[in-house]
Amino acid sequence: MRDYGKQVIGFIGALSLLAAPAMAQSVEDIDFGDDTGTWSNDGECDDPRFEGEGMAASTNREDRMHDATDCRTLMESGQITFSATQYDPELTVFNDIKLGDDTGRYPNDGVCDDPRFTGEGMSQSPDHPEILKDKSDCSYGLQLGELALADELPPPLQLVDGIDFGNDKGSYAGDGECDDPRFAGTGMATISLEPSNIGGDRSDCISAFEAGNVRYIERSVIDGIDFGDDQNLYANDSECDDPRFDGEGMGSKPGLDGLKHDASDCMSAWRSSTITTRVSLEAGGFVIRDGIFFGDDSGMFANDGECDDPSFAGRKMAGSGGSGDSAGRDQSDCLSAYLDGDIKLAPPVPVVRVMEADGISFGDDESPFANDGECDDPRFEGDGMAASFIDSDRLHDASDCMALYTSGDIRLKE
């Protein structure tokens, strides 16, 4: 194995050794970026490239070049200056270390996926295929002192069917349940699906995967936000149902079942700027206890001594039993009542989604033969029909029948 220890980067003086262009100090020479940051136009500069009395109390790497108006105004008034630790986005070599390019699977997501490095700027599961393929993220971490070259290259993650299952270093490894949130199914744990467990429960997840009890689901990260997957019942309906967000692109009643489970809708709304993150998402104010999402105190009836979140049930609930508008927004009341044993998580209410096309109601997928590639609804006929079917499957094999109807393989009986 190559001796990476000979190239370990010392944090002290690392930036002073950076062979970068001379640091620009005039307003005209600086690319301030745009105003798409969470804290833009609040009168403080949140771009970590600057320093001075006009800076926010804390800054995040995600706000780099995304608070243009505030930072330009404050620099023009002399309240901030451009930091000497300028980030050079064109850098391809740092202290004789080649950085490569951005052709990896997860470029520009705010964390380095190249396993040659270590430090707080690393992703949860770097692996060998990402070596020299995450230049921008790794370069940024190195220049800020958040990364160093690892003493040695870690072994590659174990692949099964092309999936990196990682290792068994997670908090719940070896408990017989899969705790890696990249998977879904009956073999999953119910209270420990946190990002910190990504790639950390290899043996449990492989066993469940090979037994057919879990399946791999893609997770999506944009601007440092983990949007999760599309496992919500109302996924792909063009409305965001994740309670971490606000805005006109939201569904009418976002709830706990949508937390990190409506990725496509929420990412689309995020890109079109029709939703924004609730302040608590950036400030770290959300509370998750025993795997239960309690949210924050942004609801209308927060801190009134009663729990208004309809996700719970018990004697300390509001008289109305809670409101959908308070889901994940009555943290203090609900958490206090929960810890006192006065409420508990309510069982989920089953919701049946009815599918329609061309004026035909295809019903739902409640049939035991749903999603088997054949239509079992006796209202139809054609080559795509099951060999035999029963009347109880009427209106209960929607996905199969709608797909086959759309493709012309079945038709509604006369």
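The legends below describe several close-up views of one predicted model.

**Overview. The whole chain of the predicted model.** Residues are numbered from 1 along each chain as its sequence is written, and in this predicted model local features need pLDDT of at least 70. Side-chain atom pairs count only at pLDDT 80 or more, totals for chains, interfaces and linings use all residues, and side-chain values use heavy atoms, with hydrogens and water left out. The chain holds seven helices and 22 strands, where helices (H or I, at least four residues) and strands (E, at least two) are DSSP runs numbered from the N terminus. Of its 414 residues, 44% are buried; buried means under 20% relative accessible area, exposed over 50%, and partly exposed in between, with a 1.4 Å probe and protein chains only. The chain exposes about 21300 Å², of which carbon and sulfur atoms supply 48%, the areas coming from the Shrake-Rupley method with a 1.4 Å probe and, for residues, with only the protein chains shown counting as cover. Among the contacts (heavy atoms within 4.5 Å) with a separation of 6 or more, 65% are between residues 24 or more positions apart.

**View 1. The disulfide of cysteine 112 and cysteine 138.** A disulfide is taken to be a pair of cysteine sulfur atoms within 2.5 Å, and by this rule the count comes to six. When the bonded cysteines of the chain are numbered in sequence order, the pairing reads 1-2, 3-4, 5-6, 7-8, 9-10, 11-12. In the pair shown here, cysteine 112 and cysteine 138 have an S to S distance of 2.0 Å, and the link is right-handed, with 85° about the S-S bond. Because cysteine 112 lies in the loop between strand 4 (97-98) and strand 5 (117-118) while cysteine 138 belongs to helix 2 (residues 135-143), the pair ties together parts that are 26 residues apart in sequence. Cysteine 112 is buried at 0% relative accessibility, and cysteine 138 is buried with a relative accessible area of 1%.

**View 2. The disulfide of cysteine 178 and cysteine 205.** The sulfur atoms of cysteine 178 and cysteine 205 are joined at an S to S distance of 2.1 Å, and the torsion about their S-S bond is about 90°, so this disulfide is right-handed. Cysteine 178 is found in the loop between strand 8 (163-166) and strand 9 (183-184), and cysteine 205 in helix 3 (residues 202-210), so the pair ties together parts that are 27 residues apart in sequence. Both cysteine 178 and cysteine 205 are buried.

**View 3. The disulfide of cysteine 375 and cysteine 401.** Here the sulfur atoms of cysteine 375 and cysteine 401 are 2.1 Å apart, and the link is right-handed, with 90° about the S-S bond. Since cysteine 375 sits in the loop between strand 20 (360-363) and strand 21 (380-381) and cysteine 401 in helix 7 (residues 398-407), the pair ties together parts that are 26 residues apart in sequence. Cysteine 375 is buried, as is cysteine 401.

**View 4. The surroundings of glycine 249.** Glycine 249 is placed in the loop between strand 13 (245-246) and helix 4 (263-271), and glycine 249 is buried, with a relative accessible area of 12%. Leaving aside neighbours within four places in sequence, glycine 249 is in contact with Glu239, Cys240, Thr274 and Ile275. The C-alpha atoms of glycine 249 and cysteine 266, which are 17 residues apart along the chain, are separated by 8.0 Å.

**View 5. The salt bridge of arginine 329 and aspartate 246.** A salt bridge is a side-chain nitrogen of Lys or Arg within 4 Å of a carboxyl oxygen of Asp or Glu, and a search of the whole structure finds nine of them. Between arginine 329 and aspartate 246, the closest N and O atoms are 2.7 Å apart. This pair links distant parts of the chain, 83 residues apart, with arginine 329 in the loop between strand 17 (312-314) and helix 6 (331-339) and aspartate 246 in strand 13. Arginine 329 counts as buried at 14% relative accessibility, whereas aspartate 246 counts as partly exposed at 30%.

**View 6. The salt bridge of aspartate 342 and lysine 316.** The closest N and O atoms of aspartate 342 and lysine 316 are 3.9 Å apart. Aspartate 342 lies in the loop between helix 6 and strand 18 (343-345), and lysine 316 in the loop between strand 17 and helix 6, so the pair ties together parts that are 26 residues apart in sequence. Aspartate 342 is buried at 13% relative accessibility, while lysine 316 is partly exposed, with a relative accessible area of 35%. Arg315, Lys316 and Asp342 are linked in a network of salt bridges.
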